[in-house]
Amino acid sequence: MKRILFAFVGLAALWSGSVSAQNYPTRPITMTVPFAAGGPTDIIARIVGEHMSKTLGQQIVIENVVGAGGTTGITRASQAKPDGYNIMMGHMGTHGAAPALYPKLRYDPTKDFTPIGLAAGTPILIVGKKALPANNLKEFIEYLKKNQDKVNQAHAGTGSVSHTTCILFNSIIGVKPTQVGYSGTGPVLNDLVSGQVDYVCDQIVNLVEQIRAGSIKAFAIATPERSPSLPDVPTTTEAGLPEYQVSAWNAIFAPKDTPKAVQDKLSDALKKALDDPASRRRLLDLGGVLPKDNERTPEYLGAFVKQEVARWTPILKDSAPK
Ligand code: MLT
């Protein structure tokens, strides 16, 4: 009798789980952004989150949980109940670079998440404060080499995109500037504009408006082609540093074991956001690169994260300052 009762309770739990996944979502969804408001991760989360809310019929509420290069927010979000009401905007740092720089990282990007989909590719630019005497990449590198004891480079915390991509840049050109950590590159940009920090390697969506306004200097974009959003900014190859090629990305994840029906609904809502003309225009105008159709599936993101961890681990082990 007891056995029959247990079997019945088990079946009922399974049934109610699948019914709630079918009805999902019935209340607002929290999307953790692991960096400060106003930076690239936050901007992309708000653009796609706004349209996803319309598709899902429930508000996606952005919660900024900052610290440790994005790993604080991602650790917390990865431990939330896997019911689709807690999702997160990760990126190349939190899900590609962090394992190489945090030996005690409390999540495994390749195992502890249910991938939803890539939101945008984000080319990296090297930018400096307006008062710097250099006017192109060559002059900037010369200036850095001569002044590395007094120059400071800002970033969004150990393992963040701005940290890891500048580790690479600094190691290629052979400088060790003072590093200044922030809770995100939104606040970094404010201090770059006001001249309190000297330079940063950052994701394009954070930078386009300030570069167009002339309030910061863009030395180069680290992609093979110029960005249509910043046609006057040379590529690193054109500017004489072809070895520095790097791009980042942002993507949505849910905690491991999120039901397939919920994963499908979130992934479909993200695809609709990326197909929506207004959201596309906003992302493209900020220099974002929209994932191609075959790059939008959860399976693609799952495989991509594995490649990114494998790609960044040796780079960071070799280049990180000892
Ligand atoms: C990073 O450097 O990882 C990001 O730019 C941080 C952010 O999105 O604010």
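F140, F169, Y199, F219 and Y244 form one aromatic cluster. Rings of Phe, Tyr and Trp (its six-membered ring) pair if their centres lie within 6.5 Å; planes under 30 degrees apart count as stacked, over 60 as edge-to-face and the rest as tilted. This is a predicted model, so local features need pLDDT of at least 70 and side-chain atom pairs count only at pLDDT 80 or more, while totals for chains, interfaces and linings use all residues. Residues are numbered from 1 along each chain as its sequence is written, and side-chain values use heavy atoms, with hydrogens and water left out.

**Aromatic pairs**

The whole structure holds 10 aromatic pairs. F113 and F253 make one of them: with ring centres 5.7 Å apart and planes at 65 degrees, the pair is edge-to-face. F113 belongs to strand β4 (residues 113-129) and F253 to strand β9 (residues 247-255), so 140 residues separate the partners and the pair links distant parts of the chain. Helices (H or I, at least four residues) and strands (E, at least two) are DSSP runs, numbered from the N terminus.

Are F140 and F219 buried or exposed? Both are buried. Here buried means under 20% relative accessible area, exposed over 50%, and partly exposed in between (1.4 Å probe, protein chains only).

The pair of F140 and F219 is stacked, at 4.4 Å centre to centre and 10 degrees between the planes. F140 sits in helix α5 (residues 137-147) and F219 in strand β8 (residues 216-221), 79 residues apart.

**Buried residues one by one**

| Residue | Relative accessibility |
|---|---|
| F113 | 9% |
| F253 | 2% |
| N170 | 4% |
| V305 | 1% |

N170 is part of helix α6 (residues 161-173). Which residues does N170 contact, leaving aside neighbours within four places in sequence? They are Q153, V175, P177, Q179 and Y199. Contact means heavy atoms within 4.5 Å. Y199 also belongs to the aromatic cluster.

V305 lies in helix α11 (residues 298-319). Residues up to four places away in sequence aside, V305 touches H95, P109, T110, W249 and F253. From V305 to V200 the C-alpha distance is 25 Å, and the two are 105 residues apart in sequence.

**Helix α7**

Helix α7 covers residues 185-193. Its buried residues are T185, G186, V188, L189, D191 and L192. An α-helix has 3.6 residues a turn, so residues three or four places apart point the same way. Just after α7, G195 takes a positive phi of about 85 degrees.

**The chain as a whole**

The secondary structure comes to 11 helices and nine strands. The radius of gyration is 21 Å, close to the 20 Å that the globule rule gives for 322 residues, so the chain is as compact as a globular protein of that length. That radius is taken over C-alpha atoms, and the rule is 2.2 Å times the number of residues to the power 0.38. Along the principal axes, the C-alpha atoms fill a box of roughly 80 × 45 × 30 Å.

Of the 322 residues, 55% count as buried. Among contacts between residues at least 6 apart in sequence, 79% join residues at least 24 apart. The side chains include 34 positive and 28 negative ones, and the centres of the two sets lie 6 Å apart. Lys and Arg count as positive and Asp and Glu as negative; His and the chain ends are not counted.

Conventions. The place of a charge is taken as NZ of Lys, CZ of Arg, CG of Asp or CD of Glu.
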